[in-house]
Amino acid sequence: MDPEIFFLEMAETEECQKIMYKRMAIRKYVGLYYAMKNERGVIDPFMVPFRDFVKEQIKLNNVDIDSLLKYMIDNDESNCALFLATTMFMPKKGLSSLGFYSKIAEDKILTPYVDEVDMDAFALVVVAFVFDNFRPNRMDISEIAAGEIFNYPTNQYGLTKVNGAVFKVDGLIFDGKGYYYNYFTNKAKLDPCDSMVGFARIIQEDAKDCDILYRLDERLSVPKEEYYDYSGVAFAKFYGPQFKFDGNFLNGDKTVIVHMDDNTMAKLLMVIKRRVDQNTSAEFWHIEIETLPYFEICTQPVVTTFLHGMYYPKRDVFTHIDYTKNQYSGNEYIQKYADSVDGMPIDQYTSCRDLHYKIWCIENGEFTRDTWYKLMMISLSKGYQNLLNEILS
């Protein structure tokens, strides 16, 4: 069967359409979401029937999986298919992880580079591709309203009283079920650390004595125990402690901090490495900052800004500050950005010294924290400045 026909047929099946609106309401690239999970092949329970259906159809129609993978890599608007395929399978013995990723990216086939293809995992790659690339381009309110299912009493506008509901980032918990927010809900948060959306926090704090009504569409419901916030702190909004010059946040010899911009999905990486000066036996810290822009498609080399300082905490001074550009291949960068389990860690540098391209440096002096901060800020664009201030706050 022609791959394009196969994907079109899968997208039009009842199994797919049953959950398409739920996936669109959640509004996350499915391939990226599953690629970033620590455990291979884990899938949301409500997705399992469609995954199993796809797996059965691949077998019944004798569809060549390498042809499917090539079609996905060539036609994926988000590049998530390539990323997911390279994180979902173990390379055959003797092939390194980086070699595995490079082979798949170059040849766009899978079977020669794995000992065995887990068909549950491959079907998940197909399912993610369908939802990321065959979703409707626009949402029509009349069509959404026509398909809504309400199991609780509603007012004339289709709203249900949900007093006592627990509001979260991507939905709310009510009467033992999780309800993902309606597609048109603004899910902006007041503070990056909030565990609920901004409108719910304002209602909770400023409008205590009132009824709260929300549109509870059963198509967007899951059992309470299966509810998950996709776009909350757990979805790589940030991790690591806040940076403080007193050193209390440090965890061992290396501490990694990452903050992400919700709007652009750009990340700012800070790595602090504790070392001892061989000449004076004094402790010092390498403080490294790197900008990590987000790309839906990443086939070209990516250049990042890398800032480095050497800080002596007992003297409260920097003795070295430099500004560098790092260049990564598209495949390397995808792994680095996602901090993939078996790929390139987020704090790993470029593949060779020549691609660690220094622009300026100051050293053999003593520089204050204020000087370091001003040099960091002038070297970063506005969005990254905000992320650095989050880390330092």
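Student: What does the side chain of Thr 87 reach at 3.0 Å?

Tutor: In this predicted model, the side chain of Thr 87 reaches the backbone oxygen of Leu 84 at 3.0 Å. A polar contact needs a pair of N or O atoms within 3.5 Å, and the distance here is 3.0 Å.

Student: Why does Thr 87 count as buried?

Tutor: Thr 87, which lies in helix 6, has a relative accessibility of 13%. Buried means under 20%, and therefore Thr 87 counts as buried.

Student: What makes helix 1 and helix 8 roughly perpendicular to each other?

Tutor: The axes of helix 1 (residues 3-12) and helix 8 (residues 119-133) come within 10 Å and cross at roughly 75 degrees. Angles of 65 to 115 degrees count as roughly perpendicular, and so the two helices are described in that way.

Student: Which residues touch the most other members of the largest nonpolar core?

Tutor: This core has 60 residues, of which Phe 50, Phe 89, Phe 122 and Val 126 touch the most other members. Helix 8 gives the most to the core, with 11 residues.

Student: What does Phe 122 touch, leaving aside residues up to four places away in sequence?

Tutor: With those residues not counted, Phe 122 touches Ile 58, Ile 65, Leu 68, Leu 69, Met 72, Phe 89, Leu 110 and Val 117.

How values were computed
Residues are numbered from 1 along each chain as its sequence is written. This is a predicted model: local features need pLDDT of at least 70, side-chain atom pairs count only at pLDDT 80 or more; totals for chains, interfaces and linings use all residues. Side-chain values use heavy atoms; hydrogens and water are left out. Axes are lines fitted to C-alpha atoms, for helices over the stretch in contact, and angles run from 0 to 180 degrees between N-to-C directions. Helices (H or I, at least four residues) and strands (E, at least two) are DSSP runs, numbered from the N terminus. Angles under 35 degrees count as roughly parallel, over 145 as roughly antiparallel, 65 to 115 as roughly perpendicular and the rest as oblique. A nonpolar core is a set of buried Ala, Val, Leu, Ile, Met, Phe, Trp, Tyr and Cys residues joined through side-chain atoms within 4.5 Å. Buried means under 20% relative accessible area, exposed over 50%, partly exposed in between (1.4 Å probe, protein chains only). Contact means heavy atoms within 4.5 Å. A polar contact is a pair of N or O atoms within 3.5 Å; within protein, one must be able to donate a hydrogen and the other to accept it, and residues adjacent in sequence count only if both atoms are side-chain atoms.
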